[in-house]
Amino acid sequence: MFRIALKGILGRKARLVLTSLAVILGTAFLSGTSVFSATLNKTFDDLFADVFKNVDSYVRSSQVIEADFGQEERQRIPVELVDLVAKVDGVTSVTPDLQAFARIVGSDGKPLGSDGQGPPTFGGIFMESDVSLWTIAEGKAPVGPNQAAVDQASAKAGKLKVGDTVKIIGQAGSREFDLVGIASYGDVRSPGGATFALFDQPTASEFLAKPGFIDAILIAGDDSVSDTELSRRINEVLPTDSKTETLTGAEITKETQDQIGSALAFFGILLSVFSFIALGVGCFVIYNVFSISAAQRQRENALLRAIGASKRQITSAMLVEAVVVGIVGSAVGMIAGIGLSQGLSAMLRALSIDLPSGGLTVPSSAITQTLIVGTIVTLASALLPARRAGKVPPLAAMRDTAIETAGPSRKRSIFGLAFITAGIGFVSAVTAGADTSLLGFGILGVFIGVIILGPVIARPVALFLGRPAARFRGVTGIMARQNSARNPKRTARTSSPVFIGVSLVVAVTALASSIKGQIDSVFSEQFKGDFAVSIDSFGFGGLSPSLATDIAKMPEVAGAAGLGLITAKLDGKGQYISAVDPTAIAGIFDVGLVGTTYADLTDSSIFVKDTRAEKKDWTKGSTVNLTFANGTSQTFTVAGVFDGENISDYIINKSVFEGTNIVNFDTSIFIKKAENVSEDDARAVLDKTVKDYGQGELLNKREYIDSRSGNVNQLLGLIYGLLFLSVIIAIVGIIITLLLSVFERQRELGLLRAVGMTRQQVRTTVRWESIITSLLGAVMGIVLGIGLGWVIVFALRDQGLTTFSLPVSSTIFIMVMSFVVGVMAAIYPAWRATRVDILNALATN
Amino acid sequence: MTSPTLTAAASTSGATKIYGKDDSVVYALRDVSVEFYSGQFTAIMGPSGSGKSTLMHCIAGLDELTSGSAIIDGNDLSQMKDKELTELRREKIGFIFQSFNLVPTLTADENIRLPLLLGNNKGNEEWIQKVISTVHLNDRLTHRPSELSGGQQQRVAVARALASEPRIILADEPTGNLDSTTGAEILTFMRKAVDELGQTIVMVTHDPVAAAYADRIIFLADGHVVDEMTDPTAERVLDRMKSLGS
C-alpha cells in the first residue's frame, strides 16, 4: 500500500504541486518571521557587543524610573565625576557619554528623519578615545560651542558637507553650527537608520540636556586587574551622595542586549501571531485540496477496495501522501521563508533603515519548528478527508459520478447552530455583566459555528450573490452561479480563508475607526483653543517649557498652555504624570474635571482620572506619594477627578518643579488666538515663532485632532500588512480549488466548447464562479467582522472606549477588493479551462 | 430515396489525417473525398480504427486535417481560426454525443437552448417549440439532467442539436449507451427530424440496426472510403460489415 501511495503522489505531479503550495505558503511565513526575528536579535546583540567592546567599566546614575513597555527614565550624572574616575589606578581612558534628542536640518531647510515614525534622531558627545565607536571620516572633531559633526548617512541625506553651516534642533532650541566633521559608526554609515549630531561634551550637555550633566562614563582599563576589580575601585572613589552605580563592560553589554531583546521579543510575538493566523488559514486550503483529491479519486479508491484493499489501507495511503507533502512542503517553505526574511531586511534597507551587517541567522529551532509544525498541520488537515476516502463503498467503482454531491447533513446544521448559540450566549452574558474573559469563548464559538455551518449557508448565499451575474452575463453567468453552488462544501471550504481574513480586517478596522471616532469627539470637546504645537521626540525630552510662555506673551494670542509630561514612581511603579500651569490652561484645554476647577490644583494637590481613582479607592483628600526622577519624594492630596482623555491618569501643577533639578518638557502646547486676529494672521505669526524655535509643529485644531489618530493609522497599517499574508493564502486557496474544479469538469468544458462556447465565454464562467466564491467569504467575513469589532470595543469600554463606529467606507472597499481578488484568482484557472482539449475531454470515459 | 437536386451540406476532398511522426506514423484518414447531402440522413460505418470518428471530428472542426479540406456550407474549415470555428459549431452544426451530452447545472430547457444562449441569439421560438414537442419533452423542461432518465437525456441532446436550425447535425454513436427500445425511440426522432423538419444528419455508428435508419451509408476501413449503400436494411448492412471483416 505504501508503494501505491508513493506512486499516487508521483503520478499526479500537478496535484502534488498544488497541495504543497498551500503548505509552502503557510510554513514560509512561519519560518520567515522566526528567521527575521533571530537575525534582528543577532544583529543587535552583535551591535552592542561591538559598542561596548573596549568598555571595561560603566558608570551611571542609580536613580531610575521604569515605566510601561520597558521604557525607563534614568537621571543624569554630573560631569565632574569623570575627573574622579580618571584618577583611579588602572584606568587608562574615560569618556563621557550622552544620548539625547537632536534633529539635524538638511541644506534644503527640512529636518531629517520624521516625527514619531521611523528611526530616532539623536545627539551626543564626540570624543576620540579607546572606547568611542565614532571616528571622523572627513574633517575634524567638533570643539567648542559653535562646532558640530554629523553621521555620514545624515550628511548624504541632508546634502551637507564639511564647512557648511548646519541648523540643529536640540533641547535648548534650534541653533546653527559650523559643520566641521563627518563621522562614521563602526562599519556603517549610521546605526540602524538613526541620525546623529555630535558635539564636544560641554556643548552637548548644555544644548541637548542640562549644562554639566552627562548620561554615563565609559571607562577603559589597562587590564592590570579584572573588570570586576576595576569597577569596584571606581565605585569606591565616587561619593555616595552622587547616587551612581558602576557596571562592568560585560554587565552593561548584557543589560542593553536584554533590553533590546525584550523589545524585539514583543515584535517577534506579534509577527508569529500573524504567521500562525496565516498557517491556520493555510490549513483550510490544505484540507480543501485533500478533500477534493479524495473525491476525485473516489472511483480509483473504490476499485482498490473492490479488489481487496481494506479501509485502513486506503486511509493510510492518503496519510502517507500527506506526510510526504507535509515534509516536502515545509522544507521548501523553510527555504522560501529565508528568502522572505531577506526580503523584509531589503525592505527596511529601502526605507533607509541601515541594519549593521550582522548576516543571516537561521536558528536550528526555526528549522525544526517549521518542519514539525508544517508536517503536523498537513497531516491533521488530511485526517478527515483520508478517513472519508477509506469509507468509500467498493460499489462506487461501478457508479458513473465521481463528484462530491452529498448535501449538508442535518447534524451539521444542529452542531453549527449550537456553537453559534453558545457563542452568542457567552457574549450576551458578558454584556449582562459577566467577566470579560468569556468574550474569547463567545468569539471562538461563533467562528467555529459559522465554519461548521458554512456548507449549509454556502448554497443559498452563493445563489443569491450570483444573481446579478446570471442576470447580466447570460448563460455564462447562469453556469457560474450554478457552479459556485453545485458543491456547497467545497465552496464553503474555499471561501473560509477569505472569510477569516476579511473578518479580522473588518474587526480591526471597526476597532480603529471606533478609537478614531472617540479621539475625535473627545478632543473636539476638550480642546477649546485654535492651535496646538505638537512634538514627538521618542521619549527624549520634548518642547522646552519656555516656548509656551513665549507664545502666551504674543499680542496675537489670548492664551497658551503647555502640557508637560514626566515619569515618576507611584507605589513602586513608574507612571506618566501630566504637568500643567492651572491659570494658563483654564479655558483652553478641559480635561473633563468633575466637581472641581483648575484653580484647585496647588503645589501639593493632584488630579486623578476617574477610573483610576475608583480602582485605587481614592476620594478627594486621599494622599498620593510620588518619587521623582531626581530621587526626591513628595506627597500630594487628591483635589479632584477628571473623566476626559489625557495621555496620563495624573495631573499635577508645574510649579512643583520650580527650583528643583527635575527635567520637564511639554508634549503639546495649546493656543487660543486673540479674538480680533484672523485665523490666517495668527497662524502666520505662530508658525514663524515655532519654526524659529525649531521644535515641534504648528497645527490648527482640525490638524491636531487628526494627528492624534495618526498612531492608530500606523498600527492599522502594520496589522493590515500582517493580515495580507493570510489574504495571499486565501487567494491561492481559490486558485487551487478552481484549478481542481477545472480538471474535474474537463468533459463538461469539452462539451461546452464543442457546442459553441468561445474561449472568452469559458473564461467569463470561471471568473464569475471565482468572484461569487470570494464574495461569499467577504460577506460572511464582514458580518462576523463587524460583530467581532463590536465585541472588542465592548471589551475595551473600561479603557475609555465608549462608542462603536461602523467603518462604512472600508467595508465597501473590502467588498470591492474581494471582487478584485475573485477576478485575479481566476486568471490562471480560467486560462487553463480554455486550454481543455475538446477531443480528449470528450473521449475520456 | 434520391431527390433530383442533391446539394452537399458538408464535404471533404482529399482529406488525410496522420498521427505521430517519422517511424510511427498512423494514417487515420487517407485521401477521403465524400459529400453529405442536405436533407439526408447519412451513416458512417466501419470497424474500430477505421477513421470514422476522426472523419466526423474533422468535419466538425474539432480536429485538424493534415492535408485536404473539409467544407461546411461553403466554409473551408482549414482557413478558420479557433473563434470562427467555435461560432461555426454554434450556428451551423448540431451535436449529439454518446454520453455526457448535457451540462449538469442547467435545466433541460437551458440545455436545449445552450448554443443559442451562448450566441446571445433568441432563435426561432416557433421552431424550438416544435422541436420540443417532437421529442416529447414539454413536461420535463425545468428538470436538471440528474433528474432525467438516460433516454430523456438523449432526447434533450437531440432537441439541442436541432434547436438552432443548424446546417448539419453530427451524431457520434447517439444510441451507444441506451437499451434497444430507447435507442430505437431516439433513432425514430432523428428520422423524423430529417423527414418532417427537413434536417441533415450525419451519424457515426457501428450498429447495423441504427445504420438502417439512414438514407445512405458510407463504409470506411483503414482510413479509406471502401463502399457506399443507399436505402439500407439491417440485414444488408450486417452482410456488408461481415465482408469488410469487422
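**Chat about a predicted two-chain model**

User: How many helices and strands does chain A have?
Analyst: Chain A comes to 25 helices and 26 strands. Keep in mind that this is a predicted model.

User: What box would chain A fill?
Analyst: Along the principal axes, the C-alpha atoms of chain A take up a box of roughly 95 × 65 × 50 Å.

User: And how much of chain A is buried?
Analyst: Chain A has 845 residues, and 47% of them are buried.

User: What about contacts along chain A: what share comes from residues 24 or more positions apart?
Analyst: Take the contacts in chain A with a separation of 6 or more. Residues 24 or more positions apart account for 83% of those.

User: Which domains does chain A have?
Analyst: The domain assignment gives four entries. Domain 1 covers 1-56 + 64-75 + 249-402. Domain 2 is 76-242. Domain 3 is 458-525 + 706-845, and domain 4 is 543-694.

User: How far apart are the centres of domains 2 and 4 of chain A?
Analyst: Their C-alpha centres lie 32 Å apart. The two domains do make contact: seven residues of domain 2 meet four residues of domain 4.

User: Which strands supply the domain 2 side?
Analyst: Strand E11 (165-170) and strand E12 (173-185) of chain A each give at least two residues to the side that touches domain 4. By class, that side of domain 2 has two nonpolar, three polar and two charged residues.

User: New topic, the open sheet of four strands. What is the strand order?
Analyst: The order is E5-E15-E1-E16 in chain A, and the pairing is antiparallel. Strand E5 (91-97) and strand E16 (244-248) are the edge strands, each pairing on one side only. From one strand to the next, the twist averages 20°.

User: How many bridges link E1 and E16 of chain A?
Analyst: Five bridges. Strand E1 spans residues 57-61 and pairs with E16(A) in the antiparallel sense.

User: Which residue is the bridge partner of Val59(A)?
Analyst: Thr246(A), in E16(A).

User: Which strands does helix H6 of chain A lie across?
Analyst: H6 (residues 227-237) lies across E1, E15 (216-221) and E16 of chain A. H6 runs at about 165° to E16(A).

User: Now helices. How do H12 and H14 of chain A cross?
Analyst: H12 covers residues 438-465 and H14 covers residues 474-486. Their axes come within 8 Å and cross at roughly 170°. That angle is over 145 degrees, so H12(A) is roughly antiparallel to H14(A).

User: Which residues meet there, between H12(A) and H14(A)?
Analyst: From H12(A), Arg459(A), Ala462(A) and Leu463(A). From H14(A), Arg481(A), Ser484(A) and Ala485(A). By class, this contact has three nonpolar, one polar and two charged residues.

User: Which residues of helix H22 of chain A are buried?
Analyst: H22 is residues 746-754. Its buried residues are Leu749(A), Gly750(A), Leu751(A), Leu752(A), Arg753(A) and Ala754(A). H22(A) is followed by Gly756(A), which has a positive phi near 115°.

User: How many residues does each chain put into the contact between A and B?
Analyst: Chain B gives 23 residues and chain A gives 21 residues.

User: Which elements of chain B give two or more residues?
Analyst: Helix H2 (82-92) and helix H4 (114-118) of chain B. The largest share comes from H2(B), with six residues. By class, the side of chain B that touches chain A has 10 nonpolar, six polar and seven charged residues.

User: What is phi of Glu173(B)?
Analyst: Near 45°, a positive value in a residue other than glycine. Glu173(B) is in the loop between strand E7 (168-172) and helix H7 (180-195) of chain B.

User: Why does Glu173(B) count as partly exposed?
Analyst: Because it has 19 C-beta neighbours inside 10 Å. Buried would need 20 or more.

User: And where is Asp222(B)?
Analyst: In the loop between strand E9 (216-221) and strand E10 (224-230) of chain B. Asp222(B) is not a glycine, yet has a positive phi of about 50°. With 14 C-beta neighbours inside 10 Å, Asp222(B) counts as partly exposed.

User: Last one: where is Gly49(B)?
Analyst: In the loop between strand E3 (41-45) and helix H1 (52-59) of chain B. Gly49(B) is partly exposed, with 14 other C-beta atoms within 10 Å. Gly49(B) and Tyr27(B) are 22 residues apart along the chain, and 9.9 Å separates their C-alpha atoms.

Notes
Residues are numbered from 1 along each chain as its sequence is written. Chains are lettered from A and ligands numbered from 1 in the order in which they are written. This is a predicted model: local features need pLDDT of at least 70, side-chain atom pairs count only at pLDDT 80 or more; totals for chains, interfaces and linings use all residues. Two strands pair if DSSP finds at least two bridges between them. Axes are lines fitted to C-alpha atoms, for helices over the stretch in contact, and angles run from 0 to 180 degrees between N-to-C directions. Domain bounds come from an automatic or database domain assignment. Ala, Val, Leu, Ile, Met, Phe, Trp, Tyr, Cys and Pro count as nonpolar, Asp, Glu, Lys and Arg as charged, and the others, Gly among them, as polar. Angles under 35 degrees count as roughly parallel, over 145 as roughly antiparallel, 65 to 115 as roughly perpendicular and the rest as oblique. A residue is buried if 20 or more other C-beta atoms lie within 10 Å of its own, exposed if 12 or fewer, and partly exposed in between; C-beta atoms are placed from the backbone.
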